Amino acid sequence: MSWNESYKLSWADFKGEPNHKVSAVAITASGISFGFSVRETDSKVISFTTEVFCHFYPEQSWYKPNVADNHVLGHEQLHFDITELHVRKFRQRISQLKISNTIKSELRQLNKSINEELSVMQDKYDAETNYSRHFENQAKWKTYIAEELEKFSKYKSVD
């Protein structure tokens, strides 16, 4: 499922089997899909195109119906939104690249670094919100991510 500004996750989107061995109430599996193609003439790169998308993976996402509520769903939505933010940052950085014979390795490195940044932010978000239990910090993150998404709105997907 691709990220969409006008669609918010619902519990029906979480199709995975809950893991009752962990204390987590819900897990959002989201990630960045990335591909590129390079055109070369006489072994010189002349152009490149990229595709970068934010996805939610329903079969790997789950929740515990007896303890999950709308507040937790909002926390999970923000995990998905954080992934979208990094997709936009990725697109912005790609837009700053210059065509060169090293473009393939530059794109691969960019993909690696954006995914590392994404992972760090997801962990920081969970730590600072205590997995949604710190309501005040949860509200601060919601505002922050909304502002960041707006800041990078030029790089959102064109549906």
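Which residues form one aromatic cluster together with W11? In this predicted model, the cluster consists of W11, F14, F56, Y63 and F80. A search of the whole structure finds nine aromatic pairs, and two of these are described below.

A pair of aromatic rings is described by the distance of the centres and the angle of the planes. For F56 and F80, the centre-to-centre distance is 5.5 Å and the planes are 55 degrees apart, a tilted arrangement. F56 belongs to strand β3 (residues 44-56), whereas F80 belongs to helix α1 (residues 70-95); the pair therefore ties together parts that are 24 residues apart in sequence. Both members are also part of the aromatic cluster. F56 has a relative accessibility of 0% and is classed as buried. F80 has a relative accessible area of 2% and is likewise buried, since the cut-off for this class is under 20%.

The pair formed by W141 and Y144 is edge-to-face, with 5.8 Å between the ring centres and 90 degrees between the planes. Both residues lie in helix α3 (residues 135-151), three residues apart, so about one helical turn separates them.

How values were computed:
Residues numbered from 1 in each chain as written. Predicted model: local features only at pLDDT ≥ 70, side-chain atom pairs only at ≥ 80, totals over all residues. Heavy atoms only, no water. Phe/Tyr/Trp six-rings, centres within 6.5 Å; stacked < 30°, edge-to-face > 60°. Helix = DSSP H or I, 4+ residues; strand = E, 2+ residues; numbered from the N terminus. Buried < 20%, exposed > 50% of the residue type's maximum accessible area, 1.4 Å probe, protein only.
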